Amino acid sequence: MAGRQGEPPADPEERARAICLRLLTGTPRTRGQLAEALRRREIPEDVAESVLSRLEDVGLIDDAAFADAWVESRHHGRGLARRALARELRHKGVDSELIDHAVEQLDQEQEEQTARALVERKLRATRGLERDRRLRRLAGMLARKGYPEGLALRVVREALEGEDVDEYPLYGGD
C-alpha cells in the first residue's frame, strides 16, 4: 500500500517528484542529472519530462544559474580553466549554449592570473629539481586543470625566470 512510511508512492508522477525533491534537497542539480536519476529508477520518460518541466517552471531546476555558480565556484576554489569547467558541465548534462555562456564569464586575463597564482603556490615545492623537470611538473599541473598548453608553458617559464632573478640578484659592481 502506498502511503506507509518508507514505501515509495504507487503513482509514477508522485514517485518522480519525490525522487527529484529528495535529490534537490542536498545540493543543486541539473535537469540532466535529475533525468538520469529518473531513468535509472525506471520512471516513464513522459512522466519524467512532465515532472522536470514543472520543477523548471517553479524555479527548482535552473541549469543556467547552476552553470554560472559552478564556474564561479570551481574556478576560484580549484583554479580550473574554462576547458575543464566546460567538460565538467557537459558531464552534468548542461546544454552547450548554457556552458558557453557560463565559461565566458572568465576572460583570458582572469584565467592567466589564476594560472600564475597556481604556479606560484606550487613553485616552492619543486625547488631542488632540475629546471626541465620543474617545468614539466608545473605545466602538467596546469594542463590537468584545463589550461591550454601554450599558456601553461609561458606562465611556468616566466615564473621560473622570475625565480632565477630573485635567487641570483645582479650586483651593480664588476
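Let's start with Asp100, which sits in helix H6, residues 96-103. Helices here are DSSP runs of H or I with at least four residues, strands are E runs of at least two, and both are numbered from the N terminus. What we have on screen is a predicted model, where local features need pLDDT of at least 70, side-chain atom pairs count only at pLDDT 80 or more, and totals for chains, interfaces and linings use all residues. Residues are numbered from 1 along each chain as its sequence is written, and side-chain values use heavy atoms, with hydrogens and water left out.

Now the overall picture. The protein has 9 helices and 0 strands, and of its 174 residues, 36% count as buried.

On to salt bridges: a side-chain nitrogen of Lys or Arg within 4 Å of a carboxyl oxygen of Asp or Glu. How many salt bridges does that rule give? The count comes to 12. One of them joins Glu13 and Arg17, at 3.7 Å from N to O. These two are 4 residues apart in helix H1 (residues 12-26), so about one helical turn separates them.

Another salt bridge brings Arg134 and Glu163 together, at 2.5 Å. Arg134 lies in helix H8 (residues 131-144) and Glu163 in helix H9 (residues 149-167), so the pair ties together parts that are 29 residues apart in sequence. Both Arg134 and Glu163 are buried. There is also a network of salt bridges linking Glu112, Arg116, Arg154 and Glu158.

Last, the aromatic rings. Rings of Phe, Tyr and Trp (its six-membered ring) pair if their centres lie within 6.5 Å; planes under 30 degrees apart are stacked, over 60 edge-to-face, and the rest tilted. That rule gives 1 aromatic pair. The ring centres of Phe66 and Trp70 are 5.7 Å apart with planes at 15°, so this pair is stacked. Phe66 and Trp70 are both buried.

Conventions:
Buried means under 20% relative accessible area, exposed over 50%, partly exposed in between (1.4 Å probe, protein chains only).
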